[in-house]
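Hi everyone, thanks for coming.

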Amino acid sequence: MSLRRSIYKTPAQLRLMIAPGLATAASLVAARAVMRPGVSTLELDAAAEAAIVALGGTSNFKLEPGYRHTVCASINEEVVHGIPTERRLAAGDIVSIDSGAVIDGWNGDAAFTFVIPDPSRPELVAAREELSRVTEQSLWHGIARLAVARHLNEVGEAIEDYVESQGSYGILTDYVGHGIGRSMHEAPPVFNYRVRQKGPDVKPGLVVAIEPMVVLGSIETFVREDEWTVATSDLKAAAHWEHSVAVHKDGIWVLTAEDGGASGLKPLGITPVPIP
């Protein structure tokens, strides 16, 4: 008789998830620090890996069958799962970097989006920066709802409500967030939009990776010939933000934010509480 693994972690297990979360955060900080025109996505990948290794971790992306890199680097119309290459960033590019670390068998997973400045195309840059802002803020609205929710799928409702309030954007439905722990991708799914089901109870021990993916046009996508990179079918720009978040007996804590999510949640009236 096989026993189904609980989606809820023990207090001791939650504490073990702090280190990989911080290593993941450090990898994104490192990638962002070297992001500028002329830098290749392979260089971003190397910077992220060095940051993870420096904190005693390894890349969990490299544990995915067939994947050999520390980050996914998705540019312009690419939404997620872009493979780092010799391709060099150009002014005006919108770039999403997704990274993860594993330490002592526990995982972290997070992503951010950045727009490379381009003074010659202010309207393009402004539209892409606004897309990134809306996506990031939808993430924080989802995390804030998790802090008070009874059921997990309230998170998707909060994300969709916020995105819809900001204009005509599309939320990808083919790709969603997930639970995280011993594996990078675990149950339950974390939707970025309304669904009929309530989802599991939000209670101490729940750890999820919330990751809205928002586009300027159609939500239809296709996978490129490399069998990894997901791009929009209409080739319009996309943004991707993600954090791994733990629920514990005293509140919530954003594992992949250096401040536990304090700065992102403060405007929404939520104060994260460190895992005891």
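Let's start with K9, which is buried, at a relative accessible area of 9%; buried means under 20%, with a 1.4 Å probe and protein chains only. Before I go on: this is a predicted model, where local features need pLDDT of at least 70, side-chain atom pairs count only at pLDDT 80 or more, and totals for chains, interfaces and linings use all residues. Residues are numbered from 1 along each chain as its sequence is written, and side-chain values use heavy atoms, with hydrogens and water left out.

Back to K9, which sits in the segment before helix 1 (11–16). Helices here are DSSP runs of H or I with at least four residues, strands are E runs of at least two, and both are numbered from the N terminus. What does the side chain of K9 reach? One of its polar atoms lies 3.1 Å from the backbone oxygen of I180. Leaving aside neighbours within four places in sequence, the contacts of K9 (heavy atoms within 4.5 Å) include W106, I180, G181 and E186.

Strand 7 (residues 177–179) and strand 8 (residues 186–190) run antiparallel and are joined by 3 bridges; pairing takes at least two DSSP bridges. E186 in strand 8 is the bridge partner of G179, and the hairpin connects the two strands through 6 residues. Strand 8 also holds P188, and the peptide bond from A187 to P188 is cis, with omega near 5 degrees.

Now the pockets. A pocket is an open set of points on a 1 Å grid over the protein atoms alone, with protein on both sides within 12 Å along at least five of seven lines, and lining residues have an atom within 4 Å of a point. A volume is the space filled by probe spheres set on the points, which are joined across faces, edges and corners.

The largest pocket has a volume of about 330 Å³. Of its 16 lining residues, V29, R32, W241, H243 and T256 lie nearest the centre. Helix 2 gives the largest share of that lining, 4 residues.

The second largest pocket, at about 260 Å³, is also lined by 16 residues, with H81, D98, M184, H185 and E211 nearest its centre.

One last stop: N76, in the loop between strand 2 (71–75) and strand 3 (78–80). N76 has a positive phi, near 60 degrees, in a residue other than glycine, and is buried at 11% relative accessible area. Thanks, everyone!

Definitions and conventions
Buried < 20%, exposed > 50% of the residue type's maximum accessible area, 1.4 Å probe, protein only. Polar contact = N/O pair within 3.5 Å; in protein donor to acceptor, adjacent residues only side chain to side chain. 1 Å grid on protein atoms, 1.4 Å probe; cavity = no way out; pocket = protein on both sides within 12 Å on 5 of 7 lines; lining within 4 Å.
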